[in-house]
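Load the model and keep the sequence alongside. This report moves from the overall layout to a sheet and then to a pair of helices.

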Amino acid sequence: MLSDKILDVCAYHRRDFDLVLVRSRPHDTQAVLASLQNACQACPASSLGSLDSLPTELLCIILRDLDVLSYFQFRHVNRRACALATTAHEYQSVARHGLEGLRGLLRAGLAPLFTMGDLYSPLIREECVLCGSFGGFLFLPTVTRCCIACIQTSPDLRVMCTSTFSRLAKISTRRLRRVLGSELRTVPGSYSMLDKRTRRPKHLIAVQTATAKLEQLGILDQDRSRALLSWDEQEGRQFMASTAFPWYDPHNGQVDDGISCKGCQVRFENRLEVGVADDRDRVFSRSSYLSHFQSCTEAQELWTQSEGGTKAVWEPEFTRRGGFFNELDSDGLPR
Ligand SMILES: [Zn+2]
Ligand SMILES: [Zn+2]
């Protein structure tokens, strides 16, 4: 198809955005992929006990109400439980297309707070909840579909080290944990686009949600609330609470992890104008990119040079590497 050829020549995926967030190492994921996505083929040797007296439809409704951690624990009970939990549509979709979101919740200790349906809803949503642009990412503390620009700048997605939050709110960390009932456990990662070392606290709190809850309970007065909302948290912290999360369209079964424009990078390198850097950082769905292509002179120029996608064309080093990488290791991944 012509549109696929245009995408091949003029668009690319920003891997640096995925890798600066919470992510699994490919070889770790590969080791568990088959067991996460498939049930054991052998016939079940055990039953579900008294649960077996319920029709399958009712069992599926009960499963839908389980939080993600309990869902996993149920799945490990025996082969019959594994078959039932694995074939559920929402689980299948999340385990196949939203794996980083699923693993991210489990690793961050947030899995007891959400159901599989809570994770499926953002998976089938295309746009960032906050700004309406294509959103290729998931903010883990509230399982919100979001875009990279909102992760970097939106007050709604701000996170803060639990001890800093406790100090500014003048509430002990023990009380804070008891009242909020959750905090995000951070996991190792790079969390910087510029190869800067970012200190990683053990736990983070989603500032907006936590502040609203404490205000509602009458625990936080306006002054302390203002101090929390205006606190300038260290750069990179916001990357520790989000992960790559492609959009899955259940109507056609397609998965879209977002693409950026090579033409906009060419323009950025040719003319350092205000606003041009923002253009090259935009992420589109495959269909919305084609609308952008109509108005991007540099992308059209690349397409013309490729003679309908039949000839290889020069492209910037930045797009060839998939974004900001100073050094690549032997697997072609940033160090
Ligand atoms: Zn956004
Ligand atoms: Zn462009």
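In this predicted model, the C-alpha centres of domain 1 and domain 2 lie 26 Å apart. Domain 1 takes in residues 24-148 and 242-248. Domain 2 covers 150-241. The two touch: 19 residues from domain 1 and 19 residues from domain 2 take part in the contact.

**The sheet**

Which order do the strands of the open sheet follow? The order is S4-S6-S5, three strands in all, and the pairing is antiparallel. Strand S4 and strand S5 stand at the edges. Each has a single partner strand, so one side of each is left without a neighbour in the sheet. S4 spans 159-161 and S5 spans 184-185. Strand S6 is made of residues 203-206.

The two pairings are set out below.

| Strand pair | Direction | Bridges |
|---|---|---|
| S4 and S6 | antiparallel | three |
| S5 and S6 | antiparallel | two |

Residue partners can be picked out in both pairings. Met160 stands opposite Ile205 in S6. Leu184 has Leu204 of S6 as its bridge partner. In general, side chains in a regular strand alternate between the two faces of the sheet.

Helix H13, residues 207-216, lies across S4 and S6. Its angle to S6 is about 65°.

**The helix pair**

Two packed helices are described by the angle between their axes and the distance between the axes. Here the pair is helix H11 (residues 162-169) and helix H14 (residues 222-230). Their axes come within 9 Å and cross at roughly 150°. An angle over 145 degrees counts as roughly antiparallel, and that makes H11 roughly antiparallel to H14. The crossing of H11 and H14 is right-handed.

Which residues make the contact? From H11 come Phe165, Leu168 and Ala169. From H14 come Arg224, Ala227 and Leu228. By class, the residues of this contact are five nonpolar, one charged and no polar.

Terms used
Residues numbered from 1 in each chain as written. Chains lettered and ligands numbered in written order. Predicted model: local features only at pLDDT ≥ 70, side-chain atom pairs only at ≥ 80, totals over all residues. Heavy atoms only, no water. Pairing = 2+ DSSP bridges. Helix = DSSP H or I, 4+ residues; strand = E, 2+ residues; numbered from the N terminus. Contact = heavy atoms within 4.5 Å. Axes fitted to C-alpha atoms, helices over the stretch in contact; angles between N-to-C directions. Parallel < 35°, antiparallel > 145°, perpendicular 65-115°, else oblique. Left-handed = near helix turned anticlockwise from the far one by under 90°. Nonpolar A, V, L, I, M, F, W, Y, C, P; charged D, E, K, R; others polar. Domains from an automatic or database assignment.
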